Amino acid sequence: MVDITPADGIPPAEVAEVELYHPHSWWTKYIFSQDAKVIAVQYSATATGIGLVALVLSWLMRLQLGFPGTFNFITPEAYYQFITMHGMIMVIYLLTALFLGGFGNYLIPLMVGARDMVFPYVNMLSYWIYLLAVLVLVSSFFAPGGPTGAGWTLYPPQAIMSGTPGGQDWGIILMLSSLILFIIGFTMGGLNYVVTVLQGRTRGMTMMRLPLTVWGIFTATVMALLAFPALFVASVMMLLDRVLGTSFFMPAISELGQQLAHNGGSPILFQHLFWFFGHPEVYIVALPAFGIVSDLISTHARKNIFGYRMMVWAIVGIGALSFVVWAHHMYVSGMHPYFGFFFATTTLIIAIPTAIKVYNWVLTLWRGDIHLTIPMLFALAFIVTFVNGGLTGLFLGNVVVDVPLSDTMFVVAHFHMVMGVAPILVVFGAIYHWYPKVTGRMLDETLGRFHFWVTFLGAYLIFFPMHYLGLMGVPRRYAELTDMTIMTESARHLNSFISIMAFIVGFAQMVFLFNLIWSIRHGREAGGNPWRATTLEWQTPQTPPAHGNFGKNLPIVYRWAYDYSVPGAKEDFIPQNMPGSFGPSREPT
């Protein structure tokens, strides 16, 4: 019988617990699992696997740019295919899947005090459809003509024309089909995340007691449910243009002297649909990162987060504003100056809640008992990297500056610092932080510090020089640059140096993967709460958590998630499920 009586001012549970699905075989426990924790590991392993493919593709691109003419198998057509697949995999199939499918599935039920996701069967389906989307994408490498080489933005009309690798073959069809499947699978998972946060919280867990990690994932999921339909319909419409010869995006156009059947379509319409998804996608990745960094900093600085409510509303404000800035990606496509002014203004406005978060992180660190653990190092590295990348974004948000820089390596540098390096640093910090909860073991400290320093410093040595190349006017998306007068000797040497650093940083990721696998059996035992954290996932009776997460009775929450270093307390942390009070409450009212 579930205890639904009041406790210390906590209102009674509105409904009794729902009976969990219990697996009956090895297949239903580990393969077709309905346990959110297992599904989270499945998402993470699949995303990591396809992410390694994207890493290899980036190496191949850097071989061509750093040492042009040396590797004959990297043809111009192959180069454009590498660009397209690398970009799409990293943005959609790696980062989105890791933050929402991986961390979302594992952390949301544990952090809100739930047994599991509200709809476990739908949750299982969401992973398998994601896996199918990945397999369809990978199959394009083996299709006639290879994968599409239209660029990761897939702009028509060239995306489905014969002059583009994969445009008239199976490449573009498989890419669009994979995106459609991915969005269907995500929608299933996303509805689970939202309903679980709103309806699955344990007693006493009000919305203003949620850890900021949950707020970040929750807000990003709501954004994705609103933004992904734009990419879904754009993919369906382009697929119809390619397969059935419709003209949603294809204008009247001739190819090799032959007039095509298309007539009256608008390529600019695709750009609007793509970027209406594309810019919220930046924050669909960034907001979970913001929340995770907030929790890492508070835990490893042994201090309550500064301005909790302000942080929550900053997350919500960023999510809302991200839907009114999309056309700053389209200045060079031609738009009325008034529209350019509007989107430049909203781009600057969205910097305000983002800056608030940075100030609050710094003020949380101020006079904290900072422990430079590996998760903390990655969190600090994220703040520095995100600020640096954001500053270059202010340049590109201005119409006058963006137009000459738009097609240069400056954009590549900015985009990778904000959307590539910064979120990946958070992913690493989160893995080092929660790996003990997932496995019961600690990752090796020496290998972890080696991984951090090579990754952090190496990423700067890769992407900072690209800003210089962009200001010189070195273009992006070009497979061959050597014959350009703009490629001075310094630019050629920089390109070679960047390529060498890319391989060094890539090697560090192999060390990280070795650490992950080796530590499962040989890592030091972590115990239940090695970081002495306050949130509910660290208060489970077993580590790793068993099916159902919290044993016989769900926890009752008496306080917010950031009671660290409270005056008068015996310990420097008070778990959320510990009754009683110690000194003046720091919980926002």
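Phe 290 and Trp 361 are both buried, where buried stands for a relative accessible area under 20%, exposed for over 50% and partly exposed for values in between, computed with a 1.4 Å probe on protein chains only. The model is a predicted one, in which local features need pLDDT of at least 70 and side-chain atom pairs count only at pLDDT 80 or more, while totals for chains, interfaces and linings use all residues. Residues are numbered from 1 along each chain as its sequence is written, and side-chain values use heavy atoms, with hydrogens and water left out.

## Aromatic pairs

Across the whole structure, a search finds 46 aromatic pairs; a pair requires rings of Phe, Tyr or Trp (its six-membered ring) with centres within 6.5 Å, and it is called stacked if the planes are under 30 degrees apart, edge-to-face if over 60, and tilted otherwise. One of these pairs joins Trp 59 and Phe 503, which are stacked because their ring centres are 5.2 Å apart and their planes meet at 15 degrees. Since Trp 59 belongs to helix α2 (residues 36-66) and Phe 503 to helix α15 (residues 489-522), this pair ties together parts that are 444 residues apart in sequence. Trp 59 is buried at 18% relative accessible area, whereas Phe 503, at 31%, counts as partly exposed.

Phe 290 and Trp 361 form an edge-to-face pair, with 5.6 Å from centre to centre and 65 degrees between the planes. Phe 290 lies in helix α7 and Trp 361 in helix α10 (residues 351-365), so that this pair ties together parts 71 residues apart in sequence.

## Helix α7

The 34 residues of helix α7 (residues 267-300) should span 50 Å at 1.5 Å a residue, and the 49 Å between its end C-alpha atoms agrees with this; the expected span is 1.5 Å times one less than the number of residues. Of the 34 residues in α7, 30 are buried. Just after the helix, Arg 302 adopts a positive phi of about 55 degrees.

## Core and contacts

Leu 447, in helix α14 (residues 445-472), is partly exposed, with a relative accessible area of 23%. Apart from residues up to four places away in sequence, Leu 447 touches Val 511, Phe 514 and Asn 515.

## The chain as a whole

The chain comprises 15 helices and two strands, these being DSSP runs numbered from the N terminus (H or I, at least four residues, for helices; E, at least two, for strands). Its radius of gyration, 24 Å, is close to the 25 Å that the globule rule gives for 589 residues, so the chain is as compact as a globular protein of that length; the radius is taken over C-alpha atoms, and the rule is 2.2 Å times the number of residues to the power 0.38. The C-alpha trace spans about 80 × 50 × 50 Å along its principal axes, and 58% of the 589 residues are buried. Among contacts with a separation of 6 or more, 78% are between residues 24 or more positions apart.

Methods. Contact = heavy atoms within 4.5 Å.
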